[in-house]
Amino acid sequence: MKLLKHVKLSSFTTIGVGGTARYFCEPKNIEDIIHVLLFALDKGLEVFPLGRGANTIFGDFDGIVLNLRRLRGIRIQKADETFLIEAMAGEPLSELVKLSIEENLEGLYRLAGFPATVGGAVAMNAGAFGYEIRKNLLEVKFLDWEGRPHRVKVKELDFSYRSSPFPELGFVVSALFEVPKAEVSVKEQHRAIVKKRKQTQPINMPTSGSTFKNPPEDYAGRLLEKVGMKGYRLGQVAFSDIHANFLVNLGGGTYTQVVRIIEEAKRRVFEEFGIILEEEVRLVEGSGAYGRKVHRT
Ligand SMILES: Cc1cc2nc3c(=O)[nH]c(=O)nc-3n(C[C@H](O)[C@H](O)[C@H](O)COP(=O)(O)OP(=O)(O)OC[C@H]3O[C@@H](n4cnc5c(N)ncnc54)[C@H](O)[C@@H]3O)c2cc1C
């Protein structure tokens, strides 16, 4: 595995915005990750685990971006009524969706139509249409920040709306799902979900999906639309005119523009409704909001 220097990050995120990482690597196995963690420890660097980059927007990052997309593999154990599926962190979520449709499985198929790795989806507790990935998640294998392996039951972990204990606890290596056979065909529902996404989201534009989490009992998109942010443009980034909560890159958008348009949106919503919107997207720059320095304990 090569540790690359000064790597442009825009092509590693779906919104296509990004500065440069001081170091970047794509580990293929756990030994590679441990190697990088030891290097980070030695140099006092922060490490940011990256999946598909569908929820991440980078400025310049003065640490190591650990792209986990090459940790691939799926193992399936079939029983009459339930499937046990163990997927490595770098596996595209779409593979689990595909498998769910082929085998007519409950749950995971609802996560159709958006980019993610399994590790990123677990870390974000990705969800849609009233469903969250933790519902079918049984166990997570992860490496802590010192490189020690752990296997933990999900009921011992604190998952909530678009939130999990990762990456704070460490690097998701694999996730074990328990997925029951569906009683009715899921194909139709899957088709309806994909159709709805096409109609209501700018899925053909470079975007990171929802910019803000929905506040309790409300929708960030509704609030943003009310304060005139739908279609609002700042430089080369804009809130989509199809979905007010989706920030899109019009071509050459910069991290500074992203931060400024987000600030403007938050200011307007707070002034109008007294609500502080919380970012769903991970904004990463400098030493990294979600990166962490590796300490020996
Ligand atoms: C068009 C579009 C539609 C979307 N719709 C939805 C939607 O309906 N619902 C939804 O929930 N999301 C949606 N998203 C956002 C995004 O797809 C999800 O948040 C997804 O789960 C991110 O996965 P990722 O692999 O790209 O994560 P990344 O963006 O790479 O990372 C996200 C966070 O997870 C951490 N992370 C990544 N991998 C690991 C790992 N192995 N171990 C520990 N931490 C890790 C990162 O450090 C970061 O903090 C959408 C995005 C797009 C572009």
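**View 1. An open sheet of 5 strands, in the order β5-β6-β11-β9-β10.** Neighbours here pair in the antiparallel sense; two strands count as paired if DSSP finds at least two bridges between them. Strands themselves are DSSP runs (E, at least two residues), and helices are too (H or I, at least four), numbered from the N terminus. Look for β5 (74-78) and β10 (149-153) at the edges, where each pairs on one side only. Ignoring direction, neighbouring strands are turned by 15° against each other on average. What you're looking at is a predicted model, where local features need pLDDT of at least 70, side-chain atom pairs count only at pLDDT 80 or more, and totals for chains, interfaces and linings use all residues. Residue numbers start from 1 along each chain as its sequence is written.

**View 2. Strands β9 and β11 side by side.** Residues 137-143 (β9) and 171-180 (β11) pair in the antiparallel sense over 6 bridges. To pick out one of the partners, find K141: its bridge partner in β11 is S174.

**View 3. Helix α2 lying across β5, β6 and β11.** The helix covers residues 93-103 and runs at about 160° to β6 (82-88). Such angles run from 0 to 180 degrees between N-to-C directions, with axes fitted to C-alpha atoms, for helices over the stretch in contact.

**View 4. Where domain 1 touches domain 3.** Here 12 residues of domain 1 are in contact with 10 residues of domain 3, contact meaning C-beta atoms, placed from the backbone, within 7 Å. Strand β4 (residues 56-67) gives the most to the domain 1 side, with 3 residues.

Conventions: Two residues are in contact if their C-beta atoms, placed from the backbone, lie within 7 Å.
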